[in-house]
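Subject: The structure for you to look at

Hi there,

Here is the structure I promised to send over. Please open it next to this email and have a look as you read.

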Amino acid sequence: MLRQLAGIVMLCLGLWLGWGGIHPVMTIVERGSDLSNALFNPPTSIIRIVSAAMMFVGGTLVVLNLKSGGLIATVGSILFAVLGGLMAASGADSGLWLDEVIFGLAAVALSVLILTLRRA
């Protein structure tokens, strides 16, 4: 029961962080830029979207009590936390990367909870 609840939280976190990655890309494209430029220049948008999608898929699999859900959510969480670290290492302002680090570490902690609890 607690594992499924953690999966629901991971699923919701993935959706919310995914929207936070998709919305700026849509705004950039609406202003006339092409999609590849919006996603890959710099590559933070694509990393954020992919990691959030992995958290969503992993959380969904955990809720459905299927194999590999915890692993997929964990990879997405680590990727999201690494994104914040890469942004910090590149010299970006802390206002840009602090949220990624905080939510990434929270997602990693949630992943540890998912991985340590037994499937029912």
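Below is what was found in it, starting with the overall picture.

A word on the basis: this is a predicted model, in which local features need pLDDT of at least 70 and side-chain atom pairs count only at pLDDT 80 or more, while totals for chains, interfaces and linings use all residues. Residues are numbered from 1 along each chain as its sequence is written, and side-chain values use heavy atoms, with hydrogens and water left out.

The pLDDT (the predictor's confidence in each residue, from 0 to 100) averages 91 over the protein, and 99% of the residues score at least 70.

Along its principal axes, the C-alpha trace spans about 50 × 25 × 15 Å. Buried residues (under 20% relative accessible area, with exposed over 50% and partly exposed in between, using a 1.4 Å probe and protein chains only) make up 35% of the 120.

Now to one helix pair. The axes of helix 1 (residues 2-30) and helix 3 (residues 44-63) come within 7 Å and cross at roughly 155°. Axes here are lines fitted to C-alpha atoms, for helices over the stretch in contact, and angles run from 0 to 180 degrees between N-to-C directions. The two helices are therefore roughly antiparallel to each other (over 145 degrees; under 35 is roughly parallel, 65 to 115 roughly perpendicular and the rest oblique).

The loops hold a few details too. A cis peptide bond joins Asn41 and Pro42, with omega about -5°, and Pro42 sits in the loop between helix 2 and helix 3. In the loop between helix 3 and helix 4 you will find Asn65, whose phi is near 60°, a positive value in a residue other than glycine. Ser68 is also found in the loop between helix 3 and helix 4, and its phi is near 70°.

Best wishes

Notes
Helices (H or I, at least four residues) and strands (E, at least two) are DSSP runs, numbered from the N terminus.
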